[in-house]
Amino acid sequence: MNVTLAVKQYISKMVESSGPGMKVLLMDRETTSIVSVVYTQSEILQKEVYLFERIDSQNRDSMKHLKAICFLRPTKENVEHLIQELRRPKYSVYFIYFSNVISKSEIKALAEADEQEVVAEVQGRSWEPSMLSRCTQGLTSVLLALKKCPMIRYQLSSDMSKRLAESVKQIITKEYELFDFRKTEVPPLLLILDRSDDAITPLLNQWTYQAMVHELLGLNNNRIDLSRVPGINKDLREVVLSAENDEFYANNLYLNFGEIGTNIKNLMEDFQRKRPKGQQRLESISDMKAFVDNYPQFKKMSGTVSKHVTVVGELSRLVSERQLMEVSEVEQELACQNDHSNAQQSVRRLLQNPRLSELDAVRLVMLYALRYERHSSSILPSLMDELSRRGVSERHRRMVQSVVEYGGKRVRGSDLITPTDAVAITKQFFKGLKGVENVYTQHQPLLHDTLDQLIKGRLKDSQFPYLGASSLRDRPQDIIVFVIGGAMYEEALTVYNLNRSTPGVRIVLGGSSIHNTKSAGLRSRLVSCSQVEARAEEEETD
């Protein structure tokens, strides 16, 4: 099950169904992002799509020689924009595709607006614009793209998980003809989880390539903004990292940082050996950056290598500047071990380090608060005082209590933190470039245990019930996991490893967002499911 490929095939079908001839792709803000993730501009140009426009743009010219392919979300705003477009059409013919279900009343409104009869086709798979309905839309769109009509299990301790499960089931039942796919021997399974069951994973530094990029630089629709990197080349101020079009990234996105540095070094040495001049030794990331900067012809020959050397170089600088190796070691100790005496000493020591950033200081205290929430010798008040002495803002200090309220023992439905030292503590040392020698990856997200139990048929119905009377008798083969409150790239790594190690099982991971520490640490985003519940209650009251 490949969601990217499924979406790509859906878009290809849209384009090909319009027949030969020059085309314009008319999109909204979100579908523009979807298309940019699955298609490069050169790829879609080969399908005779020569123009890309936003439906809400007011400055589009009339081009009657172009066919318009409209790919839109079925929101009220988009429908209204499309009605205005059809009343004064700028293109010869319109092929309209919605990313989800559209109501009959809205189809009627579009038909009435099409006075010049320029619409050749309308396809849609719509609700009020709340987070619950947005998650429902996203999930049902993925199910349709993958051609899956699943059985549904949800996290019993989360009321929002149940609400979302019921909402998805309602759409499947209502639109049963759309979900009438070929039956498989073992039905697919949709598992809906809540981020609050594992609030520790979003607070940990990550050390695989993709996760580090998202954590330290920010990864938005496969794009990285490097404009603030000191001395950055103007051609590298924004770069694209896409596993679909970047072979090096595809091969390395789940490898640890030390291995990434070694692989880039080896790649550059391969290129260097092709030069007729004498060899130049590459001892560190800074040596590699200097090498690339000094040889313009090398840049021209290998933009990919230049891009990755820049990205890894900036990651290395941030790791050193923020002392993330030392911070990560204490994070792993807090997350995986059960030694309160050592933990409190380690946290105190780091909080007294003036080079520790405010975000890292708050994150360590949040981890301590979750890990030793009910410990008889908890020093949390003292650590909070230490944050105050450091000048940490009140807004950030409040996050400590917020994360306990969100994902503390009272809220969790699982045994995220066991009272004994149940996790095998093994520090893994990776030898790579100088200055990048140790990577700590002791922690495994709760999702690993949940999926492992599910695959083995041991996931308790009392904690993760089925929606409805039916249940799976055999081991599930196709599993779609959705995390309310957002998924993490560490969890994506878990899914990747399970897919590799479990023949016959295919797992897809999704969520209401993809978090890094900055997003997951803020209460406004950590408690996204609580916001949904509040909105849902307001809607029921209205």
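Glu117 is exposed, with a relative accessible area of 70%. This is a predicted model. Aromatic pairs and charges over rings follow.

**Positive phi angles**
- Most residues other than glycine have a negative phi.
- Glu117 has a positive phi, near 55°, and is not a glycine.
- Glu117 sits in the loop between helix 5 (104-113) and strand 5 (119-123).
- Glu48 is not a glycine either, yet its phi is positive, at about 70°.
- The loop between helix 3 (41-45) and strand 2 (49-54) holds Glu48.
- Glu48 is partly exposed, because its relative accessible area of 28% falls between the 20% and 50% cut-offs.

**Aromatic pairs**
- The structure holds six aromatic pairs.
- One of them is Tyr10 with Phe71, an edge-to-face pair with 6.3 Å centre to centre and 65° between the planes.
- Tyr10 is in helix 1 (residues 3-17) and Phe71 in strand 3 (residues 67-72), so this pair ties together parts 61 residues apart in sequence.
- Both Tyr10 and Phe71 are buried.
- Tyr254 and Tyr496 form a stacked pair, because their planes are at 25°; their ring centres are 4.1 Å apart.
- This pair links distant parts of the chain, 242 residues apart: Tyr254 is in the loop between helix 9 (247-252) and helix 10 (257-273), and Tyr496 is in helix 20 (residues 489-501).
- Tyr254 is partly exposed at 23% relative accessible area, and Tyr496 is partly exposed at 31%.

**Charges over rings**
- Lys8 places its charged end over the ring of Tyr39, 5.1 Å from the ring centre.
- Arg371 lies over the face of Tyr372, 5.1 Å from the ring centre.

Methods:
Residues are numbered from 1 along each chain as its sequence is written. This is a predicted model: local features need pLDDT of at least 70, side-chain atom pairs count only at pLDDT 80 or more; totals for chains, interfaces and linings use all residues. Side-chain values use heavy atoms; hydrogens and water are left out. Helices (H or I, at least four residues) and strands (E, at least two) are DSSP runs, numbered from the N terminus. Buried means under 20% relative accessible area, exposed over 50%, partly exposed in between (1.4 Å probe, protein chains only). Rings of Phe, Tyr and Trp (its six-membered ring) pair if their centres lie within 6.5 Å; planes under 30 degrees apart count as stacked, over 60 as edge-to-face and the rest as tilted. A charge sits over a ring if NZ of Lys or CZ of Arg is within 6 Å of the ring centre and within 35 degrees of the ring normal.
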